[in-house]
Amino acid sequence: MNIPEKADKKSTRFRYIKFCIFLSGLSVFAQLYLFQPLLPMVAEQFHTTVGDSSLLVSSSTIGMAIGLFFFAFKADSYSRKKLMIFSLLSSAVLTIISCWIQSLSLLIAIGVIKGFVISGVSAVALAYLTEEVELSVVALAISMYLSGNTIGGMSGRISATIIAGELGWRNAVLIIGIESLVLGLLFWRFFPDSKFFHPLKTDYSLKMKQMKKFLTDPYMLRLFGIASLLMGSFVSVYNYLTFRLESAPFSLNHFLIAFIFLMYTFGVFGTMITSRLSKRMDQKYILKGSIVFMIAGICLLLSSHIYIVIFGLGLLTLSFFAAHTMASQMTALHAKEGKSSATSMYWLFYYFGSSILGSGTGYILHATSWSFFIIFLVLAIGLAFSLTITKTSTR
């Protein structure tokens, strides 16, 4: 009998895995936050409020949260490759369809469905890598996936802003949908089948016991709360900063605003810094410090000077990704059993925070002012910091 070997760094199989997993991350996050920089145009076309238009972003993230909860139970019942192909192709088709929809309510409904189907990629991508790739290069493969996530989120925002400014937001949605479809087809063609996984029957009773355990664990609940509050605050800033930059005293055009989203690259540095610091410092201190820097960064967004705002956005982005990396790592380490269930619950709260705070703060901004909006977010991040004060040692 020939026993299959896991993909090593020099193998053709690993090169295909690395390439395709990058493409999947690129497609998922380009589509997930596609509407974020387009909200002012959408609000103007549909004659609606800031908060209502933000539901286009929140609908996708809440669909993602629901999908991740579903796949926490069912992901192991499907072929890894087939599930990811279905997610990538169906989400791309839904994005393309979105460009012709004339009803905001229907667009929001499609966003929920798209978020649900696209969650299939996030639900199994990391599991596939740990199953199919040699241990020595798992970290490299995962970094390619996360890089695809970051670059996809950033490039989707930038290209959507530039294309929409020149051709209108509907054409921006169409072009990104077509690009995502091409990425999905490339993934289908080149992504290797699983050699070390076969679909399994779901043990619902075991999954429910694991979920109940995590939802009654004060330590895990604090981490879930931190994830929800930090992600909600972070997404709120990126949702509505475009409105702020288009108005006085900045009055920036769409081309310049597009490149503000390059600040998203600071998230990569935040993740790298956290990985290095975690070898020398206690995890809870890294988490606390990251949250403090988030507060400092968001306070700088009150400034009327564009360079201070850009610096504040970069600091906020770096600090958020550092905090998120640390909190997700602490979640996985604390879960001695049922790690997949624990991380699924973490992502569930993470995306619910994005959805609820991401839209709720839009109504606050519409009813009050940018200053009050920032103060509210400072309080939310401050609440997240308070959740770190109790005993949170993982060792």
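**Reading the calls on this model**

Guide: Let's start at S87, which sits in helix 4. Keep in mind that this is a predicted model.

Visitor: What makes S87 count as buried?

Guide: Buried means under 20% relative accessible area. S87 comes in at 0%, so it counts as buried. Setting aside neighbours within four places in sequence, S87 is in contact with V117, I118, G120 and V121.

Visitor: And how do you know how far to trust the protein chain?

Guide: The chain averages a pLDDT of 88, and 96% of the residues score at least 70. Confidence is lowest in helix 11 (residues 266-277), with a mean of 80, and highest in helix 15 (residues 370-386), at 97.

Visitor: Why is the contact between E132 and R13 called a salt bridge?

Guide: The rule asks for a side-chain nitrogen of Lys or Arg within 4 Å of a carboxyl oxygen of Asp or Glu. For E132 and R13 the N to O distance is 2.8 Å, so the pair qualifies. This pair links distant parts of the chain: E132 is in helix 5 (residues 104-132) and R13 in helix 1 (residues 12-32), 119 residues apart.

Visitor: Are E132 and R13 buried or exposed, and how do you know?

Guide: The cut-off for buried is under 20%. E132 has a relative accessible area of 0%, so it is buried. R13 is at 15%, which is also under 20%, so R13 counts as buried too.

Visitor: How many salt bridges does the rule give?

Guide: The count comes to 3. One of them joins the side chains of E131 and R80, at 2.6 Å from N to O.

Visitor: What makes K81 and D193 a salt bridge?

Guide: Their closest N and O atoms are 3.7 Å apart, and the limit is 4 Å, so the pair passes. K81 belongs to helix 4, while D193 is in the loop between helix 7 (169-190) and helix 8 (204-215), 112 residues apart. K81 has a relative accessible area of 11%, under the 20% limit, so K81 is buried.

Visitor: Let's turn to the nonpolar side. What is in the largest nonpolar core?

Guide: It has 117 residues, and those with the most contacts inside it are F35, W169, L230, L287, L301, L313 and Y351. Helix 9 (residues 218-246) gives the most to this core, with 17 residues. Take F35: not counting residues up to four places away in sequence, F35 touches V42, L56, V57, L107, W169 and V173. As background, in soluble globular proteins nonpolar side chains tend to be buried together.

Visitor: Which residues make the nonpolar surface patch?

Guide: F19, I178, V182 and L186 make a patch of about 310 Å². Helix 7 supplies the largest share, 3 residues.

Visitor: Why is I178 called partly exposed?

Guide: Buried is under 20% and exposed is over 50%, with partly exposed in between. I178 has 42% relative accessibility, so it counts as partly exposed. I178 lies in helix 7.

Visitor: What about R15: why is it called partly exposed?

Guide: R15 has a relative accessible area of 45%, between the 20% and 50% limits, so it is partly exposed. R15 lies in helix 1. R15 and A141 are 126 residues apart in sequence and 9.5 Å apart in space, C-alpha to C-alpha.

Visitor: How do you know that A160 is buried?

Guide: A160 has 0% relative accessibility, under the 20% cut-off, so it counts as buried. A160 lies in helix 6 (residues 135-167). Leaving out neighbours within four places in sequence, A160 is in contact with L34, P37, L38, S155, A172 and I176.

Visitor: Where does H47 lie, and why is it called exposed?

Guide: H47 lies in the loop between helix 2 (39-46) and helix 3 (50-74). With a relative accessible area of 73%, over the 50% limit, H47 is therefore exposed. H47 also has a positive phi of about 55° although it is not a glycine.

Visitor: What joins A248 and P249?

Guide: A cis peptide bond, with omega at about 10°. P249 lies in the loop between helix 9 and helix 10 (254-260). S251 is found in the loop between helix 9 and helix 10, and its phi is near 50°, a positive value in a residue other than glycine.

Conventions:
Residues are numbered from 1 along each chain as its sequence is written. Side-chain values use heavy atoms; hydrogens and water are left out. A nonpolar core is a set of buried Ala, Val, Leu, Ile, Met, Phe, Trp, Tyr and Cys residues joined through side-chain atoms within 4.5 Å. Buried means under 20% relative accessible area, exposed over 50%, partly exposed in between (1.4 Å probe, protein chains only). Helices (H or I, at least four residues) and strands (E, at least two) are DSSP runs, numbered from the N terminus. Contact means heavy atoms within 4.5 Å. pLDDT is the predictor's confidence in each residue, from 0 to 100. Patches are made of residues with over 30% relative accessible area and no salt bridge: like charges are joined within 9 Å, nonpolar side chains (Val, Leu, Ile, Met, Phe, Trp, Tyr) within 5 Å. Accessible areas come from the Shrake-Rupley method with a 1.4 Å probe; for residues, only the protein chains shown count as cover.
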